[in-house]
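Student: I'd like to go through this model with you and ask where each label comes from. Can we start with the pockets?

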Amino acid sequence: MTDRETAHQIRGLVSRGVMTAANDEGETQTADVTMWAGIDRTGIEVIQPFGVASVAPAGGTVVLLAVGGDQGDLVALPVGSPAFRLGKLGVGDSALYSLDGSRVVCHADGSIEVMATRAVTVKVPSVEAEISSERWRVRRTDEKEARIVADSQHLKMRRGAHWIAITDDGIRSSAAITVGADPHPDV
């Protein structure tokens with residue numbers, strides 16, 4: 001191999017490209033990329049870190065690695081989209097964010113900030129909680145009749161056949177309300 005061929009091979013180990021499309025349906029995410037000199041490559045595996053998954057919009061920048069120096073075996077490092085990057089984080093902060101501005105920021109001081117442009121749904125075994133600008137709801141998924149729902153018109157709590165609803169017109173319930181000591185003061 002000549003020095004010129006060796007130099008071309010070394011130069012081709014790492015290159016830059018622009019992602020034109022992504023496919024996240026298979027075992028690994030793949031991308032179609034336009035490389036230098038207008039060369040289009042399809043189905044390039046996108047390497048993503050464990051625990052973080054995303055599908056970047058077209059136009060993002062990718063760094064391509066030729067595995068073993070083989071241009072026929074390219075992989076892409078995670079796609080960067082500078083135009084949509086979440087910036088202005090503090091030292092030690094980390095974040096997950098999406099194209100619409102929704103984000104979860106873990107601050108270095110131990111606090112967590114969640115910003116959703118539509119709604120937040122939290123699911124844990126037997127419980128589901130949803131918070132949106134229209135309403136909030138908490139319900140037990142193993143006991144369909146136990147829930148709390150609130151929106152701009154009412155607050156309603158239900159367990160089994162019994163319920164209590166609070167509206168601007170007053171309080172209504174499925175049974176007479178008994179005034180007395182709180183049966184569960186720790187709740």
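**Labels and what backs them**

Tutor: The lining of the largest pocket is made up of 13 nonpolar, five polar and six charged residues. This is a predicted model, so local features are taken at pLDDT of at least 70 and side-chain atom pairs at pLDDT 80 or more, while totals for chains, interfaces and linings use all residues. Numbering runs from 1 along each chain as its sequence is written, and side-chain values use heavy atoms, with hydrogens and water left out.

Student: What makes a lining residue nonpolar, polar or charged?

Tutor: Just its type. Ala, Val, Leu, Ile, Met, Phe, Trp, Tyr, Cys and Pro count as nonpolar, Asp, Glu, Lys and Arg as charged, and the others, Gly among them, as polar.

Student: Why is this space called a pocket rather than a cavity?

Tutor: Here's the idea first: rolling a probe the size of a water molecule over the atoms shows where empty space is left. On a 1 Å grid over the protein atoms alone, a cavity is a set of points where a 1.4 Å probe fits but cannot get out, whereas a pocket is an open set with protein on both sides within 12 Å along at least five of seven lines. The largest pocket is lined by 24 residues, with M157, R159, I164, P183 and H184 nearest its centre. Two or more lining residues come from each of β11 (135–140), β12 (147–151), β13 and β14. They count as lining because each has an atom within 4 Å of a point.

Student: How do you know what volume the largest pocket has?

Tutor: Grid points are joined across faces, edges and corners, and the volume is the space filled by probe spheres set on the points. For the largest pocket that gives about 740 Å³.

Student: What does the second largest pocket look like?

Tutor: Its volume is about 610 Å³. Again 24 residues line it, and S54, V55, A56, V79 and Y97 lie nearest the centre. β6 gives the most, with four residues. This lining divides into 16 nonpolar, seven polar and one charged.

Student: What makes something a strand, and how many are there?

Tutor: A strand is a DSSP run of E with at least two residues, a helix is a run of H or I with at least four, and both are numbered from the N terminus. The chain has one helix and 15 strands.

Student: How do you know which strands pair in the open sheet?

Tutor: Strands of a sheet pair through backbone hydrogen bonds, either parallel or antiparallel. The rule asks for at least two bridges found by DSSP between two strands. β9 and β10 run antiparallel with six bridges, so they pass that rule. K123 stands opposite E128 in that pair. β10 and β11 have five bridges, and β13 (154–159) and β14 (162–167) have six. In the open sheet, seven strands follow the order β9-β10-β11-β12-β13-β14-β15, with antiparallel pairing.

Student: Why are β9 and β15 called edge strands?

Tutor: β9 (119–124) and β15 (170–173) each pair on one side only. From one strand to the next, the twist averages 5°.

Student: What makes the other set a barrel?

Tutor: Five strands close up there, in the order β1-β2-β3-β5-β4, with mixed pairing. The twist averages 50° from one strand to the next. Those angles come from lines fitted to C-alpha atoms (for helices, over the stretch in contact), taken from 0 to 180 degrees between N-to-C directions. β1 (14–23) and β4 (61–66) are antiparallel and joined by five bridges, and V18 has T61 as its bridge partner.

Student: What makes the phi values of K88 and S126 worth a look?

Tutor: Both are positive in a residue other than glycine: near 65° for K88 and near 75° for S126. K88 is in the loop between β5 (74–76) and β6 (94–97). S126 belongs to the hairpin of β9 and β10, which has two residues between the strands.
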